[in-house]
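User: Hello! I am new to this structure and would like to learn how to read it. Could you guide me through some features?

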Amino acid sequence: MSELSAEAQQKLLQLKQEYLVSFPEKVNQLQTCWQNLESKKFAANEINSLGTLLHKIAGSAGSHEMYDIHSAAHSAEQICKSAEMADMDSSSLMADLKSSYERLIELMQELS
Amino acid sequence: MPVINKKICMIGDFSVGKTSLTARFVKNIFSEKYLSTVGVKVDAKEIEIDKQKTLKLMVWDVAGKDEFTTLDDNYLRGSSGYLLVADGTRPQTIETTFTLQAHMANKFGDIPFCMLVNKCDLKSNWQCSDKEIGMIKKKGWSFFETSAKSGENVDTAFLELGRKLLL
Amino acid sequence: MSEHIEKIAENLYALTARKMKPLIVAIDDDNSFVSHYGELSDYKLPQFEKGQSCVEELPFLVGLEDETYVTLPIVNFNDDNVSSVNIIRINSNRYVILLEAVDEHQREQQVTQSSNETKLLYQKLQQLTQQLEIANQTKSRFISGMSHEFRTPISSILGYSNLLARNNSLNVDEVQQARAIERNAQYLLSLIDNVLEHAQLEADKLTVSIAPFLLNDLIVNIGLMFGSDEQSDGLTFNLETSESLPEVIYSDQIRLQQILINIIGNAFKYTEEGFVTVNFDWLDEELVVKVTDSGPGIPIEYQANIFQAYSRYNSGSKKGAGLGLNISAQLAEKLQGKLELKSQLGKGSVFTLMLKAKVGSSDSIIKDIDISKNQAKKVLVVEDDEDLVEILKIYLDEYGYKTIIADSGEVALQKCETEAIDLVLLDMQLPKLSGVEVVRNLRSSQFKTPIIGMTASSNNEDKVKALEAGCDEFLSKPIQHTSLLSAINNILNHHV
């Protein structure tokens, strides 16, 4: 594998540490998003907000090689996209989204 | 009525229909076969202008000119007028007429001419755009869409040139 | 002796004269006959009387009354006569000299005829070529446009069918049906992608990017893609690598992966039981990848056309438009390689991809980057995820690039206007002004700087949108530092 310099690796490690430290805040953001979603009965713009947050987590987690979190966030993001395309609220959709979201929270809390 | 003799030339790119137009005008015949003209072919036909004058046109059908050949000015000397001929299915032949007209004006001065865009029986195959036809009309040239095959506008074009010669 | 020569000369002149049929007609200023020398009948001319007009028989005289000397090399008059004409004025008379030129006319006519016919053919060919090019461009535009029109409703079908399949109130059969709709919609999407790619290849618009990459990355990806139980669907998947494989090669990693995914995917599609084996080897400076399956094999009569567009060997009820192998073969060619097939009915198939590739060293990915040159280069990173931005900054800094950050499309547009940017790294999924809109905005204002779009990994549609909007390259998230730096380096080297 082509190696980054020791300095760069050190910086990435530090960044990863800082990223992990930010997890409680991210979990909080996710939970707030979810509460809004439930209270507004899965309105389209709330789904969009959650999707955007999940997209960011998937991207940054993947770049930090946290593939479990990347996969969980990515799956949840895809469900949000399906819901947006279908443009309706559905109990099975909500159930699936909830289960993906809870899985993600669990993973992030484990690492926090 | 006395007959007035005038020399006119047919000039243009090769295979635009100069010989066919001459044959249609002089003998009222048409052949699909293409035979390249070499040097010049001279024919004559009498026409009546406005029922007042009889004009005998000596039609010099000059070999076609393209970017690789030069026009022999000896054939053009003494012309009272000329017909510029282009082929509507080949837009580059219109460019050639612009070059030829400039050459004629430069060598022989402001002698009368008409512009013919031939093969209008093949209008569906015409490659000349409205823009090009517009450019010709904008120059204020006497302009005809002709067909040596059907005869459309052939006599009209020669008559118009004849009228200009007698002005 | 001189007597003989004189006699011979006399006869020679007489012979020549007879052949050329010289005729001299003297006329006055009114074109009226004065006298003649030679045979008038040679030119089917009447016996003129003195003072008679010659215009009828010699029509070329009109207009030349004032000329002192005229030479007309070939004149065809009165239908049958072909002669050279010279007119000389001496005092008050003009002398019209005719010399027959039938043979010369014939020779010249043949040459001119042949030349003109050739020129006409050439002009016709040029015209047809132009028309063909226009038709081809129209076809490509149509296909691109239509592919978008197809994608939008199919995406909607995918979304709804996905929802249906997750609906707990459906019974097992109904869920299967919903899944079938989803699978077929996915299949239609991939068909559209294939048709578009095929059209691009035909129009020679599909480009490849040659850059150094780690071969192991490609092999690992293939393993991950096909190695899971879900993918292999009960078949044994074997991945073999030779020890002679170089660590780094120069090629287009994405296109190479595409070819392999297509061939291996086909192997899985057509093999009911047994195995699919992928073997990576290095022989004589060539990467050789063999995909062997224990499928039904392909009859010999179908093998010759297997790489042609829309050619399919219908084995059972397997679907497909017959473009995958054609695209793979064309891509292999673009990469200076080739794709071959060996197969026997009942005994499976072996698809072999052979690719000439330059070997890089493990440092070559870094060595290619001249840090001193890069210090002049500014990379604008347009990304609203702060965490990702920090990572990208570390990567870019490592290789000497100066990073400018924009956290939105609007800020990115401002920066592009006010700063001298060498490259843009753009998240295609920005809030408010999307990545696609940013690219379109920039390109329409003649912004020529290269743009790399960063897209979500599984979304092919996003990749296509990125390229069509005007991105030069795309990177899939999550972003690996090697692929990021390869892509940047490749683009910046080609845009010097």
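Analyst: Gladly. Let us start with a hairpin: S9(C) and S10(C) form one with two residues between them, and Asp284(C) in the turn has a positive phi of about 50°. Strands here are DSSP runs (E, at least two residues) and helices are DSSP runs too (H or I, at least four residues), numbered from the N terminus. This is a predicted model, where local features need pLDDT of at least 70, side-chain atom pairs count only at pLDDT 80 or more, and totals for chains, interfaces and linings use all residues. Residues are numbered from 1 along each chain as its sequence is written, while chains are lettered from A and ligands numbered from 1 in the order in which they are written.

User: How many bridges join S9(C) to S10(C)?

Analyst: In general, strands of a sheet pair through backbone hydrogen bonds, either parallel or antiparallel. Here, eight bridges join S9(C) to S10(C), and the two run antiparallel. Two strands count as paired if DSSP finds at least two bridges between them. Val278(C), for example, has Val291(C) in S10(C) as its bridge partner.

User: Which strand does S10(C) join through eight bridges, with residues 349-356?

Analyst: That is S12 of chain C, which runs antiparallel to S10 (residues 286-293). Val291(C) stands opposite Phe351(C) in S12(C), and Leu287(C) has Leu355(C) as its bridge partner there.

User: What is the order of the strands in the open sheet?

Analyst: The five strands follow the order S7-S9-S10-S12-S11 in chain C, with mixed pairing. At the edges are S7 (236-241) and S11 (337-343) of chain C, each pairing on one side only. From one strand to the next, the twist averages 15°.

User: Which residues make up the covered face of S10(C)?

Analyst: In a regular strand the side chains alternate between the two faces of the sheet. In S10(C), the covered face holds Leu287(C), Val289(C), Val291(C) and Asp293(C), whereas Glu286(C), Val288(C), Lys290(C) and Thr292(C) form the uncovered one.

User: Which strands does helix H6 of chain C lie across?

Analyst: H6 (residues 253-270) lies across S9 (275-283), S10 and S12 of chain C, running at about 15° to S10(C). Helix H8 (residues 324-334) of chain C also packs on the sheet, touching S11 and S12 of chain C, and its direction makes about 140° with that of S11(C). Angles run from 0 to 180 degrees between N-to-C directions, using axes fitted to C-alpha atoms, for helices over the stretch in contact.

User: At what angle do H6(C) and H8(C) cross?

Analyst: Two packed helices are described by the angle between their axes and the distance between the axes. For H6(C) and H8(C), the axes come within 9 Å and cross at roughly 145°. Residues of H6(C), including Ile259(C) and Ile263(C), meet residues of H8(C), among them Leu331(C) and Ala332(C); a contact means that C-beta atoms, placed from the backbone, lie within 7 Å.

User: Why is helix H1 of chain B largely enclosed?

Analyst: Eight of the ten residues of H1 (residues 18-27) of chain B are buried, so the rest of the structure largely encloses this helix. A residue is buried if 20 or more other C-beta atoms, placed from the backbone, lie within 10 Å of its own. Leu21(B) and Phe25(B) are among the buried residues. Just after H1(B), Asn28(B) takes a positive phi of about 55°.

Note on methods
Two residues are in contact if their C-beta atoms, placed from the backbone, lie within 7 Å. A residue is buried if 20 or more other C-beta atoms lie within 10 Å of its own, exposed if 12 or fewer, and partly exposed in between; C-beta atoms are placed from the backbone.
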